[in-house]
Amino acid sequence: MLLNGRTSASRQKFLCPCCKLSFVFRNNRNKEQREKKWFNDWILEGYSVRQLNLISGRSVRTLKRIIAHWLAEKPPNILIPYPSLQYLIGDGTYLKHENCVYTVIDYPTGLVIANSYGVKENYHMAKTMFGELKASGCLPVAITLDGNTQVIRAVREVWPNIIVQRCLYHILRQGASWLRRFPKDHAAKELRKIVLTVTAITDNSARDVFLNQLNEWEHTYGAYVQTLDSRHKIYGDLQRTRSLLWHALPDMFHYLRDAGIAPTSNKQEGLFSAAKILFRNHRGVKKENRRSYFNWYFHLKNKKIINH
């Protein structure tokens, strides 16, 4: 085999000494791997087609064709050890003008073990998703959730003995929102001080201080708050914050008895935050391809976690 110059595309040509024919070698597997790498960068790094054009040297039209090809493919399955998963976090986020992206992750590793795009965060969605996890052999000890009562009901129907930990950050965020930044009512001012300490509870003594403060507030202002007109926006929100705390209280402190339980869903919020930032770079993705986009995103994130 002899070298025989290069093609107009600068590819090496070879000459067969026997038949005197000139040819080039083609490695389709390398080509596919390069194209997959560009697609992965488009998903995980948020590169635009123009940026990939500068990196790869391929035309915009070719890159769009490559992206469309991989979006039409289903991500390969990753072997997830469902029976060994004990501590989960379940939460959803809403994209602008669109339905919910809901995911369930393994708290210790951050693996996304279930996800769904274009759904509503309700009982039917939760019952279906958690039922599929149970059918896969997942029998968790505990799960951290926000205050969506329909999701909590579905989880307890699928796993009757599971511990449901209420996300402390959701309690703080919702309570602080309802009480406003600078409340005028004295009861609201005092309750806001208590709400802001929720995520700082790291041991039993801090929990006891929180409970004492809440009981003192209830003894001082509870009857007064109940007499307020719930139709008034500010008073109604104060009553809602009081109800939020008392209803969440039985499931707020499981993490103090079991260190494996996540006290908040912040790990999942970080996942959603990164996904939204990257997705905003690809606002032109067609609606019918967005489900595939998020499937690939969570698949590649899982692959990255497993490889590291």
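The views below come from a predicted model, where local features need pLDDT of at least 70, side-chain atom pairs count only at pLDDT 80 or more, and totals for chains, interfaces and linings use all residues. Residues are numbered from 1 along each chain as its sequence is written, and side-chain values use heavy atoms, with hydrogens and water left out.

Helices here are DSSP runs of H or I with at least four residues, strands are runs of E with at least two, and both are numbered from the N terminus. The expected span of a helix is 1.5 Å times one less than its number of residues. Buried means under 20% relative accessible area, exposed means over 50%, and partly exposed is in between (1.4 Å probe, protein chains only).

**View B. Helix 3 and its buried side.**
Helix 3 takes in residues 60–71, twelve in total, and reaches 16 Å from its first C-alpha to its last, close to the 16 Å expected at 1.5 Å a residue. V60, L63, I66, I67, W70 and L71 are its buried residues. They cover an arc of only 130° around the axis, which puts them on the same side of helix 3. That arc is taken from the directions from the helix axis to the C-beta atoms. What covers these buried residues includes helix 1 (28–45), helix 2 (49–56) and helix 11 (287–307).

Two strands count as paired if DSSP finds at least two bridges between them. Strand 2 (residues 12–15) and strand 3 are joined by two bridges in the antiparallel sense, and L15 stands opposite S22 in strand 3. In the loop between strand 2 and strand 3 you'll find K20, which has a positive phi of about 60° although it is not a glycine. K20 is exposed, with a relative accessible area of 58%.

**View D. Strand 7 and its two partners.**
A142 and T144 point one way from strand 7 (residues 142–145), I143 and L145 point the other way, and all are buried. Strand 4 (residues 87–94) pairs with strand 7 in the parallel sense over three bridges, with L88 opposite I143. Strand 8 (residues 163–166) also runs parallel to strand 7, over four bridges. There, Q165 in strand 8 is the bridge partner of T144.

How many cavities of 30 Å³ or more does a search of the whole structure find? It finds one, and the largest cavity has a volume of about 30 Å³. On a 1 Å grid over the protein atoms alone, a cavity is a set of points where a 1.4 Å probe fits but cannot get out, and lining residues have an atom within 4 Å of a point. Grid points are joined across faces, edges and corners, and the volume is the space filled by probe spheres set on the points. The lining is made up of T93, L95, V101, F272, A275, K276, F294 and F298. Helix 10 (266–280) and helix 11 are the elements that give two or more residues to it, and helix 10 supplies the largest share, three residues.

**View F. E269 in helix 10.**
E269 lies in helix 10 and is partly exposed, with a relative accessible area of 22%. Not counting residues up to four places away in sequence, E269 touches D91 and H170.

**View G. R180 between two helices.**
R180 lies in the loop between helix 6 (168–179) and helix 7 (186–195). Most residues other than glycine have a negative phi. R180, though not a glycine, has a positive phi near 70°, and at 27% relative accessibility R180 counts as partly exposed.

Terms used. Contact means heavy atoms within 4.5 Å. On a 1 Å grid over the protein atoms alone, a cavity is a set of points where a 1.4 Å probe fits but cannot get out, and a pocket is an open set with protein on both sides within 12 Å along at least five of seven lines; lining residues have an atom within 4 Å of a point.
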